[in-house]
Structures are given as C-alpha cells and as structure tokens.
Amino acid sequence: MGFWRLPRINSLLGFPIRARIPFTLSQTSLLHKNLQLSRLKKLNSPYGSFITSSRNFASVSNQEVDPRLTTERMVIDTDVIIVGAGPAGLSAAIRLKQLANVEGKEINVIVIEKASQLGAHTLSGAVIEPRALNELLPDWKERGAPLNQPVLKDDMRFLTEKLSIPLRPLPSLMRNKGNYIVSLNNFVKWLGEQAEQVGVDVYAGFAASEVLYNEDGSVRGIATNDMGLDKDFKPKENFERGVEFQAKVTLFAEGCHGSLTKTLIRKFNLREGKQQQTYAIGIKEVWEVDPAKHVPGYVLHAAGWPLDYKTYGGGFMYHMENNIVQIGFIISLDYENPYLYPYKEFQKYKTHPSIRKCLEGGKVICYGARALNEGGYQSIPKLVFPGGALIGCTAGFLNLPKIKGTHNAMKSGMLAAEAAYDAITSNLPHGPITLTAYEESIKNSWVYEELYKVRNFRPSINTPLGVYGFILYAGLEMLFLKGKAPWTFKHRHEDYAVLKPAKECKPIEYPKPDGVVAFDLLESVSRSGTFHKENQPVHLRVRDKKIPVERNLKIFGGPEQRFCPAGVYEFVDDENNPSEKRLQINSQNCVHCKTCDIKDVSQNIDWVTPEGGDGPKYEMT
C-alpha cells in the first residue's frame with residue numbers, strides 16, 4: 001500500500017485542497033480518474049499548478065492505430081519536476097521547499113519515482129558520510145533518521161584462497177570514523193517523509209519514459225509510459241495513457257546510467273571535452289547472522305581473491321544493528337575475459353574461510369544488484385542544458401577510493417535546488433532556464449574538491465601491473481601526493497570495448513553452490529522481490545536480433561548470459577532452426593541494474609523503463 005499525491009488545486013468550493021489517494025499496484029487508474037474529476041482547461045490556482053490535456057501519440061509499428069492510443073494524455077504543470085526519488089532527488093526537493101518556505105513563496109515540486117514505493121529500487125553498501133545530511137537537515141537525529149549504527153571498527157584485507165592478510169596502515173580514505181552503517185532503502189523512505197512534511201508531491205509507481213521538448217529544443221518535462229500495453233504494444237483492457245509532467249525546470253536524478261539521461265547526453269552533447277564514464281557492477285545480500293558472530297559497527301573491505309590481478313574489484317561486509325550484516329562484491333565492468341561471471345565470483349567470495357565463518361548459521365533476507373559509476377572527476381559530464389540538469393549518480397559523483405557517493409549525490413541535488421529556486425523566483429526574461437549557477441557552484445563545492453583529489457586512483461589500474469600497480473600508486477598518492485600531482489590520468493577505453501574473443505580466453509570453473517553460504521542464481525533472484533506484469537512490452541530492447549547469436553555468442557561466447565546478475569539473458573535451442581541457438585530474454589527477472597546496457601560487447605541492448613511499479617522490491621538494502 002502506498003499513496004498517490006495530487007498537486008494542490010482549487011476545489012470547486014473555492015479553497016485549496018490536497019488529496020492523498022490510497023493505491024495498490026492494480027489500481028494505477030485511480031490517479032487518472034481522480035485527475036479527471038478535477039480537470040479543467042485551466043485552473044487559476046494561487047499555487048501555480050494546473051492540469052491540462054495533451055495529444056501526444058504513442059509510437060506503434062502497425063499501420064492501423066488503436067483509437068485508445070490517440071486519446072488525450074493528462075498534463076500536470078508545475079515549477080520543478082524531479083525524476084527519481086533517491087538521495088539526490090529527495091534532497092533537491094527538500095531544499096527547494098525549504099528555501100520557498102523561509103521566504104513565504106510557493107514553489108510547486110513534484111518527484112517522480114518508478115518504484116512502487118520509495119526505497120524499493122534503492123540498493124547500496126551502505127556506509128554513509130553524514131556531511132550533506134548535516135547541511136540539509138541539521139536536526140536529523142531528532143527527526144528519527146535511520147542512522148542507528150556508527151562505524152566502530154575499520155578493517156581492510158587482502159585475500160588469497162585461504163589467507164586473510166590485514167593491510168596496514170589503513171588508508172585515510174578508508175577510515176569511517178563519524179560515518180554510519182545504514183540501509184539506504186530505509187534512509188530513502190525517511191527522506192521521503194521529510195519531503196512530504198515540507199510540501200513536496202511524490203508520485204511513486206510512475207516510470208518516466210520520455211523527455212519532452214519545447215519547439216526551441218529546451219526540455220519542458222517528462223512523460224510516463226502508457227500502462228496496459230501488451231508485448232506487441234497494443235492496448236489491453238486495462239490500458240491507460242501516460243501522464244505528462246511539464247515544468248520550468250526538470251532535474252534528472254535517475255541513478256547510475258539513467259535511461260533518459262543517456263538520451264540527454266547525446267542530444268546536448270554533454271560529454272564534449274569530457275571522458276567517458278566507466279562502471280562496475282555491485283552485487284549484494286542482506287543477512288541475519290548468529291548473534292554470537294555479529295560485531296556491531298564492524299566494516300570490512302577486501303581485495304584480491306577470487307579475482308585475478310587484471311580485474312579491479314573486491315568485497316565488503318558491514319555489520320549493522322539487530323544482527324544484520326550487509327555483504328557484497330564489486331567488479332569493474334572493464335574486465336576482459338567473457339567467461340567471467342560476476343554473480344558466481346560473489347558466491348565464491350563468500351566461501352572464503354574468513355567470510356564463511358560469519359555467515360554460517362545465518363539466513364539471507366534480500367538479494368540485489370546495481371551498476372555504479374567509477375569514472376569520477378574526469379567523467380562528470382556537462383551538468384546543465386536548457387530546461388534542466390543532471391544530479392546525483394546519473395551524473396557520476398561516486399568517490400571510488402571511499403566507496404561512497406550518497407553524500408556527494410545529496411549535495412549536488414541541494415546545489416541544483418538552490419540554482420533552480422533563484423532562477424524561478426527572479427524576474428528573468430521569459431524563455432528556457434539554464435542552471436549555469438548550478439554548474440559553477442558544483443565546481444566550487446567540496447564535491448569537486450573531493451573528487452579532484454582522488455582523480456588518478458581508478459585510471460592507475462590501466463597498466464601491465466593491474467591491481468598491483470593500483471595498490472602501489474594508491475600508496476604513493478595517499479602518503480605523499482595527496483591529490484596534488486601535476487598530472488591527471490585518463491580512462492583508456494569504454495568498458496564494453498575491452499572484452500576479448502572467447503578463443504583468446506580461458507574458461508573459468510566455478511564451484512557449485514552449497515546452499516549454505518552460496519546459492520543458485522534464480523534462488524537469489526527470488527529474494528529480490530522482483531515482479532513485472534505479464535504480457536507487457538519487453539523493456540530490454542535488442543536493436544538487431546541477429547547480433548546476439550552471430551557475433552556475441554559465436555565470437556565472445558555469449559557474455560550476456562554471465563554478466564547479468566538476474567538470469568535475464570539465456571541462449572536456448574531455436575525451435576525454428578534445428579542446431580541453431582536464439583537469445584531468450586527473461587525480462588521478468590530483471591533487477592534494473594542496467595549492466596546489459598553498459599557491458600554488451602555490441603552495444604545492441606537498450607534498457608528502458610517497464611511499467612511503473614514493476615521491478616525489484618528491496619528491503620534493508
């Protein structure tokens with residue numbers, strides 16, 4: 001159960017109302033019906049929000065268009081739209097309303113979130129640095145923020161197959177004094193409550209699927225996808241048109257490798273003069289462990305086994321309160337061997353004697369995976385364009401050596417909010433708003449200062465020494481250079497481009513899961529709570545259906561059936577062509593990590609949003 005929140009409107013009785021409508025996933029049409037009840041061609045609301053209609057037509061391949069696809073689409077007009085209710089998006093929304101409330105002005109802010117409820121698609125380590133939170137909500141402790149477990153002990157280890165070797169002295173960037181082990185899922189839920197308290201309208205279960213543009217090319221907002229289409233894009237009985245959200249400013253906070261952000265980067269050439277982004281995949285489980293093995297506040301980071309020296313990555317284990325342990329594994333997506341299987345590397349990691357002893361006797365609560373940005377300073381694109389801006393992880397503010405990005409994501413949202421508020425409330429000439437002040441404030445903030453200092457860490461692995469070269473350079477950087485080196489290394493390649501043909505690589509043998517600490521993939525996927533409605537358009541779009549077999553399988557050994565952490569891609573016998581294979585896409589398994597869109601060696605897969613509310617339903621992640 002959740003809530004749709006309608007924008008403030010003038011009721012027919014002459015006073016403003018705010019409606020909160022209970023919904024379930026099968027009741028998405030409630031929003032449309034309730035909007036229809038109060039729908040006028042124009043509402044002269046003192047709150048600046050009104051609802052109109054639009055005739056944007058759905059794109060279909062068949063010549064005869066179903067009349068339902070040409071019906072008017074709801075339009076909600078507002079001041080600021082934020083796509084994504086993660087830490088960045090909600091921080092931006094809260095900051096906007098804080099500024100407006102202090103000055104007694106009305107700024108209408110709407111947040112669109114594709115998950116069925118806040119936090120359901122949120123997954124991270126997570127050890128959170130409260131720096132941005134202290135600035136946004138200084139009284140967060142009194143407000144009951146779910147930061148309950150401070151870090152009490154840091155540990156860093158280099159693993160061999162049997163040994164766990166402590167790395168000393170602990171690098172300063174890996175020290176977590178003053179930080180908290182949290183469920184980012186719960187933290188986002190709490191941030192959503194704070195946003196509602198200051199008057200933000202949050203629409204959960206709405207998947208933003210299209211960027212809307214004005215005639216001059218500036219962004220005017222987003223549209224959500226049509227609900228109730230079958231796999232051939234034809235309307236079913238429960239068909240509902242999408243909704244348009246139009247605003248003076250649209251902030252995109254989609255998280256890593258956002259599907260709309262990808263189109264904006266191309267349209268506005270936001271990577272001109274910048275380096276490409278580089279990524280990793282993070283796979284995680286939440287365990288309830290034996291109380292005798294639980295060490296509240298203990299933070300472990302591990303490098304080495306089971307990865308080879310050419311592959312950058314490592315594991316983590318964080319002990320929260322209440323006997324909860326978060327454990328995960330991160331692998332950079334510029335690995336070369338197509339036989340590498342990130343999910344099985346994670347399962348293998350858990351069998352290490354030092355890890356196994358903590359997990360045995362416990363039980364898994366949740367499983368999930370997501371891609372994360374590793375490019376850092378060099379890979380931050382241009383952040384603004386006419387009508388909008390990029391904030392949070394969709395822009396790429398992760399501090400890789402710290403393995404933290406939430407504080408930077410939140411700060412970017414706050415700075416964008418301040419720029420948007422100033423632009424909207426100033427008496428500027430009519431026309432699209434470009435948040436130049438946001439770009440400048442980011443460059444002058446502690447976010448840029450922090451990322452600049454660690455800019456050379458990730459590229460330093462691109463030497464013949466691999467991980468060992470990285471360790472040597474990291475030591476030099478942290479002990480002597482401290483971010484002041486007169487050089488800036490470059491990322492050498494796109495992640496997908498380094499994958500070698502299968503004939504040049506050695507297959508990797510993985511042990512069978514023991515069902516105690518290591519599990520079968522589909523068993524793990526079942527713990528993610530993933531659900532997608534049957535008979536809807538596949539949200540994993542293959543551009544050329546011949547390429548997966550003719551190139552990916554025959555030359556590279558079908559890496560998509562391994563790099564996906566949810567068993568979405570599978571090569572099966574082709575019933576129509578004996579002795580041939582075909583790619584089967586089990587889209588119902590998708591946990592929305594977007595790894596396929598990044599690592600596909602042929603760049604032939606586009607991840608787009610499925611129906612709003614679909615996907616994983618993470619808990620405690």
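## Strands E23 and E24

In this predicted model, strand E23, which covers residues 313-319, is joined to strand E24 by seven bridges, and the two strands run antiparallel.

How many of the nine residues of strand E24 are buried? Nine of the nine, from residue 324 to residue 332, are buried, so the strand is largely enclosed by the rest of the structure.

In a regular strand, side chains alternate between the two faces of the sheet. In E24, Ile 324, Gln 326, Gly 328, Ile 330 and Ser 332 point one way, while Val 325, Ile 327, Phe 329 and Ile 331 point the other way. Residues on both sides of E24 are buried, and those buried residues include Gln 326 and Ser 332 as well as Phe 329.

## The chain as a whole

The protein chain contains 15 helices and 31 strands, and 60% of its 621 residues count as buried. Where contacts link residues at least 6 apart in sequence, 75% of them join residues that are at least 24 apart.

The protein chain exposes about 25,800 Å² of surface, and carbon and sulfur atoms supply 52% of that area.

## Cysteines

The structure holds zero disulfides. Cys 393 is in no disulfide, and the nearest cysteine sulfur to it, that of Cys 256, is 7.1 Å away, whereas a disulfide would need the two sulfur atoms to be within 2.5 Å. Cys 393 is partly exposed, with a relative accessible area of 21%, a value to be read against the cut-off for buried residues, which is under 20%.

Cys 596 is likewise in no disulfide, and its nearest cysteine sulfur, belonging to Cys 590, is 6.4 Å away. With a relative accessibility of 6%, Cys 596 counts as buried.

Key: Residues are numbered from 1 along each chain as its sequence is written. This is a predicted model: local features need pLDDT of at least 70, side-chain atom pairs count only at pLDDT 80 or more; totals for chains, interfaces and linings use all residues. Side-chain values use heavy atoms; hydrogens and water are left out. Helices (H or I, at least four residues) and strands (E, at least two) are DSSP runs, numbered from the N terminus. Buried means under 20% relative accessible area, exposed over 50%, partly exposed in between (1.4 Å probe, protein chains only). Contact means heavy atoms within 4.5 Å. Accessible areas come from the Shrake-Rupley method with a 1.4 Å probe; for residues, only the protein chains shown count as cover. Two strands pair if DSSP finds at least two bridges between them.
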